[in-house]
Amino acid sequence: MGLAVGGRAGSRLAPYIGLRASRGTILRQVRRLPDPSTSAVRALGVDKLAARMDERRRRIDGASATVAELAAAEPLLEIPTRPFPAELEVERTVSPQGLVSFDGNQYSVPPGLPGAQVKVLRRLGEDYLHVLTAGRAVVAKHHRAPGGSGQVVRDAGHVIALERAVLASFSDRAPCKSKVRRPPSEAAIAEADRLRGTGTSGSASAERVVVDLSHYAAVADRLRTAPTPEEDHRE
């Protein structure tokens with residue numbers, strides 16, 4: 001009874017079968033019982049279990065076959081020779097020197113693109129990178145330099161095109177004539193005196209200018225220390 005329902009429930013059921021026992025008595029009797037005998041557990045290997053499972057026959061499309069036979073009929077695909085074609089694409093602005101920065105290096109683009117927004121495309125596993133325009137047109141292809149090496153990679157064609165563009169901007173026309181230096185006229189001097197508010201010549205007005213810094217010094221001394229509330233009230 002103690003094994004079936006436990007101590008508390010057993011003490012309630014005991015009077016119905018003509019017994020008087022508390023729950024503690026029932027539990028002590030349960031503890032006195034010997035441990036049940038157990039047989040040794042035989043360890044089964046996973047490989048043996050898998051072999052036994054593979055030997056079972058399965059019926060697929062009316063034909064009986066094992067898992068091993070099905071696996072042999074469906075071999076795995078070969079390992080790809082190249083990694084998954086993941087691509088890294090970043091947006092860059094062409095510098096006035098016709099260069100774009102990427103991964104700690106600079107790469108050249110054709111002339112005529114300073115300030116333009118381009119995209120640098122690098123595919124995983126490749127040693128080259130491409131520079132694309134907004135319309136996805138490839139304008140440059142460079143061998144990727146080691147990251148962070150600070151190299152400037154220039155294409156020979158870009159260098160030649162840039163030299164031609166620079167040389168084409170030169171002209172064989174005669175240089176501009178030098179500007180003739182003329183002293184200020186009487187009207188210009190009079191207008192300058194009017195703006196100064198002097199009404200006299202420039203030399204006389206310059207001599208009359210007197211800068212007195214005592215007022216600025218007094219204001220600076222006053223601002224060095226913040227006034228107290230009493231001083232503000234007096235003022």
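By about how many helical turns are Arg194 and Glu191 separated in helix H7? Arg194 and Glu191 are separated by about one helical turn, because they are three residues apart in helix H7, residues 186–196. Helices (H or I, at least four residues) and strands (E, at least two) are DSSP runs, numbered from the N terminus.

The model is predicted, so local features need pLDDT of at least 70 and side-chain atom pairs count only at pLDDT 80 or more, while totals for chains, interfaces and linings use all residues. Residues are numbered from 1 along each chain as its sequence is written, and side-chain values use heavy atoms, with hydrogens and water left out.

Arg194 and Glu191 form a salt bridge, with their closest N and O atoms 2.4 Å apart. The term stands for a side-chain nitrogen of Lys or Arg within 4 Å of a carboxyl oxygen of Asp or Glu. Arg194 counts as exposed, at 53% relative accessibility, whereas Glu191 is partly exposed, with a relative accessible area of 36%. Here buried means under 20% relative accessible area, exposed over 50%, and partly exposed in between (1.4 Å probe, protein chains only). Asp193 counts as buried, at 8% relative accessibility.

By this rule the count comes to six salt bridges. One of them joins the side chains of Arg136 and Glu89 at 3.1 Å, N to O. This pair links distant parts of the chain, 47 residues apart: Arg136 is in the loop between E7 and E8, and Glu89 is in strand E3 (residues 87–93). Arg136 is partly exposed at 44% relative accessibility, and Glu89 is partly exposed as well, with a relative accessible area of 35%.

E7 and E8 pair in the antiparallel sense over five bridges, where two strands count as paired if DSSP finds at least two bridges between them. In E8, the bridge partner of Leu132 is Val138. The hairpin of E7 and E8 has five residues between the strands, and Arg136 takes a positive phi near 65 degrees there. E7 pairs with E6 too, in the antiparallel sense over four bridges. Lys119 has Leu132 as its bridge partner in E7. The hairpin of E6 and E7 has four residues between the strands, and in it Gly125 takes a positive phi near 90 degrees.

Another group of strands forms an open sheet of three, in the order E4-E5-E9 and with mixed pairing. Its edge strands are E4 (99–102) and E9 (152–153), each of which pairs on one side only. E4 and E5 (residues 105–108) pair in the antiparallel sense over four bridges, and Ser101 stands opposite Gln106 in E5. Strands of a sheet pair through backbone hydrogen bonds, either parallel or antiparallel.

The C-alpha atoms of Gly150 and Gly104 are separated by 5.5 Å, although the two residues are 46 residues apart along the chain. Leaving aside neighbours within four places in sequence, Gly150 is in contact (heavy atoms within 4.5 Å) with Gly104 and Asn105.The largest nonpolar core has 13 residues, of which Val100, Phe102, Tyr107, Val120, Leu129 and Val131 touch the most other members. Such a core is a set of buried Ala, Val, Leu, Ile, Met, Phe, Trp, Tyr and Cys residues joined through side-chain atoms within 4.5 Å. The elements that give two or more residues to this core are E4, strand E6 (117–123) and strand E7 (128–132).

The surface has a nonpolar patch of about 630 Å², made by Met1, Val5, Leu13, Tyr16, Ile17 and Leu19. Patches are made of residues with over 30% relative accessible area and no salt bridge, like charges being joined within 9 Å and nonpolar side chains (Val, Leu, Ile, Met, Phe, Trp, Tyr) within 5 Å. Accessible areas come from the Shrake-Rupley method with a 1.4 Å probe, and for residues only the protein chains shown count as cover. Ile17 lies in the loop between helix H2 (7–13) and helix H3 (23–32), and counts as exposed because its relative accessibility is 54%.
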